[in-house]
Amino acid sequence: MVNVPKGTKDMLPRESHKWQAVEAAAKKITALYNVKQIRTPVFEHAELFLRSIGDSTDIVNKEMYIFEDKGGRKMALRPEGTAGVVRSVLENNLCETLPQKVFYIEGVYRYEQPQAGRYREHHQFGAEFFGSELPCFEVELLSMARDFLKEIGFNDLRLRINTIGCNECRAEYNKALRAFLAGVNDKICGDCKRRAEINPLRTLDCKVPSCKEIYKSAPQISDFLCDNCKQHHKQVLKGLDAAGIQYFEDKNLVRGLDYYTRTVFEFCDGDLAVLGGGRYDNLCEQLGGKHTPCVGFGCGIERLIAAAETRGIEFADNTPYVFAAAQCDSARETCADIVAQLRNIGVSAEYDLMGKSLKAQFRYADRQGFPYVITVGEAEMQSDKYTLKRMADGSTTAIGAARLAQDVKSAVEKDRAQS
Ligand code: HAM
């Protein structure tokens with residue numbers, strides 16, 4: 001028996017309605033914001049991720065699934081969605097008219113130590129907006145994220161927000177941070193010692209508790225922001241206030257990818273980020289395109305569903321409607337015809353495909369959660385009269401053959417409206 005790879009999970013049929021509900025919410029809300037879907041390959045040239053996410057990040061250093069293809073090219077499974085989308089938008093010249101706004105729902109691969117909420121394959125609903133450096137770009141994106149979370153049923157996820165400045169103010173900040181890190185060099189972990197040299201900002205993202213404690217007294221970026229970055233951040237917060245989006249400022253939020261400039265944010269469930277993103281004004285240029293300011297987010301669907309379930313948020317399940325049970329073999333064809341008529345008018349229906357006895361068919365219908373069963377036997381076929389049984393209480397309604405599908409539909413709808 002070969003098992004599912006460590007850190008991955010099957011999406012089983014009994015859970016599919018949750019995934020469908022999340023995807024339906026994503027599609028509904030993105031449509032309201034005129035954001036179109038994009039799909040990019042699950043693997044890309046590894047270099048794309050080195051050049052975008054950054055070679056001092058854990059994602060690139062430790063977590064990428066890298067392989068050489070048969071042509072000797074170094075490829076990687078995507079460890080996040082943004083880089084591939086930016087590559088595609090540039091390659092396909094999608095920035096001719098701005099803004100360009102896209103969303104994606106896709107699998108993402110990171111070789112992480114599996115634990116609750118952390119998998120080697122996870123799925124993201126993500127969005128990337130290209131083209132504007134105005135603070136309203138962040139506000140529009142965060143409004144869409146808030147509406148999406150609300151559509152699922154959340155109203156209590158906390159939005160943490162921070163600014164990490166632009167390249168200029170960050171250069172000043174890095175100097176101060178390096179000086180601080182030099183003073184605590186003997187107390188920080190090996191990874192942080194390395195980060196301190198290559199990209200000191202990364203140290204603030206360290207998960208080691210003793211490092212986290214030390215960095216509480218590190219210099220803060222907010223003290224190094226240039227006037228433009230300060231002003232931008234102020235305007236973003238003002239826009240969030242106007243849009244009624246609640247947030248709290250977290251000066252230590254830096255996020256684990258190198259491409260961000262200015263705004264970074266996360267919607268969190270306790271300590272775990274469910275949706276995270278920010279502004280990345282330099283990435284298009286870094287990948288060979290024109291300077292194009294951008295904002296985006298990625299939402300982890302596994303974490304989103306888990307957070308919803310702990311809150312008792314229910315996902316609508318498309319329960320089946322009507323089961324047509326055959327009393328004898330000759331009735332099976334009529335059952336097939338009845339379910340076809342029902343499906344034609346949008347009523348989900350099924351009949352027995354296994355040659356089960358009538359009793360076993362009723363048992364199956366009950367277990368599957370069919371609220372109604374219509375029984376077809378010799379007598380029904382001859383009289384053209386059928387009985388629709390309501391499984392909850394055993395009550396029955398007589399239905400004529402002439403308008404069978406419509407009458408079953410109205411009986412079911414009337415019953416549902418009353419209950
Ligand atoms: P990220 O924060 O690395 O950002 O991932 C986005 C979300 O994916 C996280 O908030 C979390 O919910 C989920 N996630 C990440 N890693 C895992 C994992 N191992 N297992 C389960 N869920 C996980 C990005 O990926 C950026 N591309 C977001 C972005 C888009 N920034 C700008 N545009």
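**Ground rules.** I am working with a predicted model, where local features need pLDDT of at least 70, side-chain atom pairs count only at pLDDT 80 or more, and totals for chains, interfaces and linings use all residues. Residues are numbered from 1 along each chain as its sequence is written, and side-chain values use heavy atoms, with hydrogens and water left out.

**Terms.** I call a residue buried under 20% relative accessible area, exposed over 50% and partly exposed in between, with a 1.4 Å probe and protein chains only. Helices (H or I, at least four residues) and strands (E, at least two) are DSSP runs, numbered from the N terminus.

**Largest core.** I looked up the nonpolar cores, meaning sets of buried Ala, Val, Leu, Ile, Met, Phe, Trp, Tyr and Cys residues joined through side-chain atoms within 4.5 Å. The largest has 49 residues. Phe130, Phe180, Leu181, Ile188, Leu204 and Tyr215 touch the most other members. I then checked which elements give two or more residues: helices H2 (46-52), H3 (58-62), H4 (82-91), H6 (167-183), H7 (190-198), H8 (209-215) and H10 (283-286), plus strand E5 (100-109). H6 provides the largest share, five residues.

**Tyr215.** I listed the contacts of tyrosine 215 (heavy atoms within 4.5 Å). Leaving out residues up to four places away in sequence, Tyr215 touches Phe180, Leu181, Ile188, Cys192, Thr203, Leu204, Cys206 and Asn252. Another core lies apart from the largest one. That other core has 43 residues, among them Phe154, Phe265, Leu275 and Cys299.

**Helix H4.** I asked how many of the residues of H4 are buried. Seven of its 10 residues are, so H4 is mostly covered by the buried cut-off. The buried ones are Thr82, Ala83, Gly84, Val85, Val86, Ser88 and Val89. Their cover includes strand E2 (43-45), H2, E5, strand E6 (121-130) and H10. After H4 comes asparagine 93, with a positive phi near 55°.

**Ligand shell.** The ligand is surrounded by 26 residues, and Glu80, Arg110, Glu112, Glu128 and Tyr260 are the closest. The shell splits into 10 nonpolar, nine polar and seven charged residues. For these classes, Ala, Val, Leu, Ile, Met, Phe, Trp, Tyr, Cys and Pro are nonpolar, Asp, Glu, Lys and Arg are charged, and the others, Gly among them, are polar. E6, strand E10 (272-279) and strand E11 (294-300) each supply at least two shell residues. E10 gives the most, with five.

A polar side-chain atom of Thr82 lies 2.9 Å from a ligand nitrogen. A polar backbone atom of tyrosine 119 is 2.9 Å from a ligand nitrogen. For a polar backbone atom of glycine 117, the distance to a ligand nitrogen is 3.4 Å. On its own the ligand has 660 Å² of accessible area, and the protein covers 96% of this. Accessible areas come from the Shrake-Rupley method with a 1.4 Å probe; for residues, only the protein chains shown count as cover.

**Thr263.** Is threonine 263 buried or exposed? Threonine 263 is buried, because its relative accessible area is 0%. I found threonine 263 in strand E9 (residues 263-269). Its side chain makes a polar contact of 2.7 Å with that of glutamate 138. Beyond four places in sequence, Thr263 also touches residues including Ile161, His232, Val236 and Arg279.

**Backbone spots.** I noted a cis peptide bond between leucine 98 and proline 99, with omega about 0°. Proline 99 sits in the loop between H4 and E5. Arginine 255 is not a glycine, yet has a positive phi of about 70°. Arginine 262 has a positive phi of about 55°. I placed arginine 255 in the loop between strand E8 (248-249) and E9, and arginine 262 lies in the loop between E8 and E9. Arginine 255 counts as buried because its relative accessibility is 11%. Arginine 262 is buried at 16%.

**Arg39.** Arginine 39 is in the loop between strand E1 (36-37) and E2. At 71% relative accessibility, arginine 39 is exposed.

Methods. A residue is near a molecule or strand if one of its heavy atoms lies within 4 Å of it. A polar contact is a pair of N or O atoms within 3.5 Å; within protein, one must be able to donate a hydrogen and the other to accept it, and residues adjacent in sequence count only if both atoms are side-chain atoms.
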